[in-house]
Amino acid sequence: MPGLVIVGAQWGDEGKGKIVDLLADRSDVIVRFQGGNNAGHTIVRDGEKFKFHLIPSGILHSGKVCVIGNGVVLDPRILLEEIDGLKRRGVDVSNLRISANAHLIMPYHVLLDTAGELKLGKLSLGTTRRGIGPCYADKALRLGIRVQDLLDEKILRAKMRTALEPKQQALRELSVRRRKLRKEAGEGAEKETGGGDSFEDPRLDLHTMTEEHVNYGHRLEPHIADTARLCWDALDAGRSVVFEGAQATLLDLDHGTYPFVTSSNPIAGAATVGAGVGPTDIDEVWGVAKAYATRVGAGPFPTELEDEVGKELVERGQEYGTTTGRERRCGWLDLVALRYAVRLNRMTALTITKLDVLSGIDPLRVAVRYRSKEGAIFDTFPYHQSILHSATPEYEELPGFDAEIENCRNEAELPPQARAYLNYIADFVGVPIRLVGVGPDRDQVVWIGEQPTLRAA
Ligand code: GDP
Ligand code: IMO
Ligand code: MG
């Protein structure tokens with residue numbers, strides 16, 4: 001299977017990084033195709049933790065080409081920090097390639113993201129405040145600045161000048177509003193109102209920004225490439241390409257729980273656009289889902305648990321965000337939502353992570369349908385926002401298991417209740433589970449059935 005997409009099947013943080021790292025070993029090229037440093041992908045290698053925000057999760061395997069595709073929005077400062085951090089830890093990054101067409105997250109995007117959230121107040125989305133939404137908005141408005149622009153100071157300055165003007169206006173309005181709020185709230189209200197007058201932020205000075213970004217350009221130049229062509233060459237030669245999704249299906253801009261979503265399309269179909277390959281280059285789509293559910297940020301989450309079991313999942317699963325450190329909301333596995341994700345991405349297989357976290361919880365529950373406020377039953381994921389916001393899940397109870405499973409390495413070693421839980425999921429959603437996570441470390445996995453034959457050159 002030369003073209004394999006790894007996609008998040010829930011609300012993110014399913015363990016995609018770990019799965020990509022595992023499959024990277026058997027492939028040649030690993031491509032991130034959307035999102036930006038709102039992502040946080042963790043790999044634990046012999047107890048040593050790596051967190052990737054922009055660099056593809058294949059980078060720990062030397063000799064593999066790691067690509068940041070055109071669909072990614074890239075904060076050059078963060079990328080360079082990530083590159084430097086990896087170099088310090090002895091990781092070879094010479095095979096990193098960056099699409100010349102990827103859009104840049106500029107300092108004003110980050111300020112606007114925060115400004116937008118503050119403006120929404122109680123209705124805020126809980127974004128990662130990394131500038132993702134404003135950057136994709138500029139891309140659609142055709143005001144974006146791309147990686148290739150870093151290589152031409154004149155073009156860069158002109159584009160920045162055009163892009164900056166409307167931002168300054170928006171930030172100025174916010175600043176006036178903040179000052180008013182601060183006055184009303186009295187001294188010491190800096191925190192609530194965000195503090196500072198962002199439109200006067202020295203980072204937005206055109207001259208400073210140009211200098212800073214020309215410098216980024218010099219440093220990134222050796223990595224900049226025509227990455228779509230690089231993918232074609234690999235695929236045409238029969239080599240394996242893993243497309244690494246960030247975020248997840250239910251955070252998809254079109255198909256997720258809008259407006260509580262991210263600003264890109266994390267679903268498998270977007271791998272073609274975000275990497276520059278054709279739909280028939282994709283041979284397999286593997287979804288990654290946790291054995292339960294989590295969500296970070298605001299928005300509907302029908303199976304959310306606000307009880308002791310929810311707290312136990314947070315603690316046992318160490319459910320704190322990789323990017324922002326926020327505590328993740330936890331709940332039972334939602335099979336209505338998972339079946340939706342399976343179909344939407346046309347998954348060929350599932351991997352279930354963090355099964356170890358469920359040990360000791362008995363009984364286990366999985367949502368099999370929703371009931372609306374009016375009593376209507378929904379077997380499928382409702383498209384209407386109001387229904388989803390007020391839907392109550394109906395559960396099937398399954399027996400839990402007590403044994404710790406982190407040392408299991410094959411299916412037969414898993415407790416029968418754990419196997420029954422996995423079988424129930426696979427039957428319900430209609431795709432096989434190929435891989436199960438039983439701990440954070442790279443080797444803490446159980447393959448179900450035959451291991452895939454990706455062809456590394
Ligand atoms: P991603 O964004 O989908 O790559 O996932 P994150 O890295 O944000 O979050 C997943 C977290 O779960 C990380 O801390 C991983 O180290 C951890 N993890 C991944 N798989 C497993 C597993 O099977 N068991 C346990 N206990 N932790 C896991
Ligand atoms: P990975 O790749 C979990 C969430 C944010 C917020 C919403 C919009 O690690 O799974 P944004 O900053 O994208 O505008 O925020 O999306 N979000 C994620 N949640 N994992 C992620 O990435 C996420 N990326 C964005 O919390 O609710
Ligand atoms: Mg994450």
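Trainee: How far from an oxygen atom of ligand 1 is a polar backbone atom of G437?

Mentor: This is a predicted model, in which local features need pLDDT of at least 70 and side-chain atom pairs pLDDT 80 or more, while totals for chains, interfaces and linings use all residues; side-chain values use heavy atoms, with hydrogens and water left out. Residues are numbered from 1 along each chain as its sequence is written, and chains are lettered from A and ligands numbered from 1 in the order in which they are written. A polar contact is a pair of N or O atoms within 3.5 Å; within protein, one must be able to donate a hydrogen and the other to accept it, and residues adjacent in sequence count only if both atoms are side-chain atoms. For the backbone of G437 and the oxygen atom of ligand 1, the separation is 3.3 Å.

Trainee: How much of the area that ligand 1 exposes when taken alone does the protein bury?

Mentor: The backbone of G439 places an N or O atom 3.2 Å from a nitrogen atom of ligand 1, and the side chain of T42 has one 2.6 Å from an oxygen atom of that ligand. Of the 580 Å² that ligand 1 exposes alone, the protein buries 94%. Accessible areas here follow the Shrake-Rupley method with a 1.4 Å probe, with only the protein chains shown counting as cover for residues. The buried share is therefore quoted on that basis: 94%.

Trainee: Which elements each supply at least two residues of the shell around ligand 1?

Mentor: A residue is near a molecule or strand if one of its heavy atoms lies within 4 Å of it; of the 20 residues around ligand 1, those coming nearest are K16, G40, T42, T322 and D356. Helices (H or I, at least four residues) and strands (E, at least two) are DSSP runs numbered from the N terminus. The elements that each supply at least two shell residues are α1 and β3.

Trainee: Which ligand sits in the largest pocket?

Mentor: On a 1 Å grid over the protein atoms alone, a pocket is an open set of points with protein on both sides within 12 Å along at least five of seven lines, unlike a cavity, where a 1.4 Å probe fits but cannot get out; lining residues have an atom within 4 Å of a point. A molecule sits in a cavity or pocket if more than half of its atoms lie within 2 Å of its grid points. Ligand 1 sits in the second largest pocket, and the largest holds ligand 2.

Trainee: What percentage of the accessible area of ligand 2 does the protein cover?

Mentor: Around ligand 2 there are 20 residues, and K16, H41, T128, Q247 and T262 come nearest. Backbone N or O atoms approach its oxygen atoms at 2.8 Å from D13 and at 3.4 Å from G126, and the side chain of R326 has an N or O atom 3.0 Å from an oxygen atom of the ligand. Of the 550 Å² that ligand 2 has on its own, the protein covers 97%.

Trainee: Is D13 buried, partly exposed or exposed?

Mentor: Buried means under 20% relative accessible area, exposed over 50%, and partly exposed in between (1.4 Å probe, protein chains only). G40 is buried at 10%. With 22% relative accessibility, D13 counts as partly exposed.

Trainee: What is the phi of Q247?

Mentor: Most residues other than glycine have a negative phi. Q247, in the loop between β10 and α9, is buried at 8% relative accessibility. Although Q247 is not a glycine, its phi is positive, at about 50°.

Trainee: Which residue is joined to P259 by a cis peptide bond?

Mentor: Most peptide bonds are trans. P259 lies in the loop between β10 (241-244) and α9 (270-275). With omega of about 5°, the cis bond joins P259 to Y258.
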